Amino acid sequence: EAGFWTRCVAMHFVDAGLARPGSFPVAVGHLKALASSAREDFMLWVHGTPRQLQDESRPFVGEETDAFAQRCREAGLRIERRNYAEGLVPSLDMHFDSLRCFCTSVEDTDGGDKHCGFFS
């Protein structure tokens, strides 16, 4: 398993969220093991949209996302958070747009909000 992580440069969570709590069932111990196995330049990305992060019927999604990001930092992982479509009315299309919008690296010039509405 450790050999796998030495070959990965990034892992992406794209607009994660479930109908019930449990989107990020990763314990700090596992995150620390990942941090010790991963490459020095490994980056963990958490991408989100208002569709998931601000859903009033599922406030736990945003809370879990924040808690996961904090656990990653505490474990010593580099984490990059990107939010897309902020200020727009949440919709299911927005959730799928995140697949077109998400940035794949800090140098990515093709990702971002310019693709909001791609699936509308």
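These legends go with close-up views of a predicted model.

**View 1. The largest nonpolar core.** This core has 17 residues. Phe-42, Leu-44, Phe-68, Cys-72 and Leu-77 touch the most other members. Three elements each supply at least two of the core residues: helix α2 (28-37), strand β2 (43-48) and helix α4 (59-74). The top contributor is α4, which gives 3 residues.

**View 2. Leu-44 and its contacts.** Leu-44 is among the core members that touch the most others. Set aside its neighbours within four places in sequence, and Leu-44 is in contact with Met-11, Phe-13, Phe-68, Cys-72, Leu-77, Arg-78, Ile-79 and Glu-80.

**View 3. A second core.** A separate nonpolar core is made of 5 residues. Among them are Met-43, Tyr-84, Cys-101 and Cys-103.

**View 4. The largest pocket.** The space in this pocket is about 200 Å³. Its lining is made of 13 residues. Closest to the centre are Glu-1, Trp-5, His-30, Leu-31 and Leu-34. A probe the size of a water molecule, rolled over the atoms, shows where empty space is left.

**View 5. What lines the largest pocket.** Helix α1 (2-6), strand β1 (10-14) and helix α2 each give two or more residues to the lining. Helix α2 gives the most, with 5 residues. By class, the lining has 10 nonpolar, 2 polar and 1 charged residues.

Notes:
Residues are numbered from 1 along each chain as its sequence is written. This is a predicted model: local features need pLDDT of at least 70, side-chain atom pairs count only at pLDDT 80 or more; totals for chains, interfaces and linings use all residues. Side-chain values use heavy atoms; hydrogens and water are left out. A nonpolar core is a set of buried Ala, Val, Leu, Ile, Met, Phe, Trp, Tyr and Cys residues joined through side-chain atoms within 4.5 Å. Buried means under 20% relative accessible area, exposed over 50%, partly exposed in between (1.4 Å probe, protein chains only). Helices (H or I, at least four residues) and strands (E, at least two) are DSSP runs, numbered from the N terminus. Contact means heavy atoms within 4.5 Å. On a 1 Å grid over the protein atoms alone, a cavity is a set of points where a 1.4 Å probe fits but cannot get out, and a pocket is an open set with protein on both sides within 12 Å along at least five of seven lines; lining residues have an atom within 4 Å of a point. Grid points are joined across faces, edges and corners, and a volume is the space filled by probe spheres set on the points. Ala, Val, Leu, Ile, Met, Phe, Trp, Tyr, Cys and Pro count as nonpolar, Asp, Glu, Lys and Arg as charged, and the others, Gly among them, as polar.
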